[in-house]
Amino acid sequence: MEKPATAKGTNLSLWALGVAALLAAGAVGVKVWQSQSPSKPAAEAPVTAEEVGVLITQLEAHLKKNPDDVEGWMRLGWSLYGTEKYAESALAYRKATQLAPDKAEGWSALGEALVVSGDGRVTPDALSAFAKALAIDPTDARARYFAALAKEEAGDHVGALDGFFALLQDSPPDAPWVANVRATIAEIGKTAKIDV
């Protein structure tokens, strides 16, 4: 049963929670990050939950001895995110941003982990992380995606659509997040009754 939309887009808010679930499955933010990130795990990285658990334990032990290893904190954040430990992932990414505040990737990863660890909405803390990422790298696709989503959540449908269309325009046609951005645009158009 479809619920009526409010001025702030209740349907879209519920849909945004679905986007958060997609993110958890690796749909938008993770794909954006993986395509941009030189620090993502290599193709031969662990694939089973047990192997990821071992990797997390090893990373935690390594970081106790090497607490200033930014790459280690980023890998721990990625691994925890992959096991759906989003709040712990956010803590690891926050540590990485404290050690390397000039790395956009750390800020956008932190923002995404904060979104997914909460109720799926772009909180002020997450939005601040995305803003820091964009101040460092205005092309950071993940931060641009969530910044546009934050506008939609605030009821700024046109601003959100502008952000999503700009992201699409700047993305390679085969970028892994393009289909998800197009779906987001279509949903906003439908909910806000805007011809997209």
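This is a predicted model: local features need pLDDT of at least 70, side-chain atom pairs count only at pLDDT 80 or more; totals for chains, interfaces and linings use all residues.
Is F146 buried or exposed? Residues are numbered from 1 along each chain as its sequence is written, and side-chain values use heavy atoms, with hydrogens and water left out.

Back to F146, then. Its relative accessibility is 0%, so F146 counts as buried; buried means under 20% relative accessible area, exposed means over 50%, and partly exposed is in between, with a 1.4 Å probe and protein chains only.

Now the overall picture. The chain has 10 helices and 0 strands, where helices are DSSP runs of H or I with at least four residues, strands are runs of E with at least two, and numbering starts from the N terminus. Of its 196 residues, 46% count as buried. Taking contacts between residues at least 6 apart in sequence, 56% join residues at least 24 apart; contact here means heavy atoms within 4.5 Å.

Let's turn to the aromatic residues. The structure holds 4 aromatic pairs. Rings of Phe, Tyr and Trp (its six-membered ring) pair if their centres lie within 6.5 Å, and planes under 30 degrees apart count as stacked, over 60 as edge-to-face and the rest as tilted. F130 and F146 have ring centres 4.9 Å apart and planes at 5°, so this pair is stacked. F130 sits in helix α7 (residues 124–136) and F146 in helix α8, so the pair ties together parts that are 16 residues apart in sequence. F130 is also at 0% relative accessibility and therefore counts as buried. On to Y145 and F146: with centres 5.1 Å apart and planes at 90°, the pair is edge-to-face because of that angle. Both of these residues are buried. If you step back, ring pairs link F130, Y145, F146 and F164 into a cluster.

Helix α6 (residues 104–117) and helix α8 (residues 141–153) have axes that come within 9 Å and cross at roughly 40°. Those axes are lines fitted to C-alpha atoms, for helices over the stretch in contact, and the angles run from 0 to 180 degrees between N-to-C directions. The two helices are therefore oblique to each other; under 35 degrees counts as roughly parallel, over 145 as roughly antiparallel, 65 to 115 as roughly perpendicular, and the rest as oblique. On the α6 side, the contact is made by E105, S108, A109, E112 and V115, and on the α8 side by R142, A143 and F146.

Next, please find A160, in helix α9 (residues 157–170). What is A160 in contact with, leaving aside its neighbours within four places in sequence? The partners are A148, K151, E152 and I188. A160 has 0% relative accessibility, so it counts as buried. From A160 to Y145 is 15 residues in sequence and 9.1 Å in space, C-alpha to C-alpha.

Last, two backbone spots worth a look. E84, in the loop between α4 (70–82) and α5 (86–99), has a phi near 65°, a positive value in a residue other than glycine. E84 is exposed, with a relative accessible area of 56%. K193, in the segment after α10 (178–192), has a positive phi too, near 55°. K193 is exposed, at a relative accessible area of 73%. Thanks, everyone!
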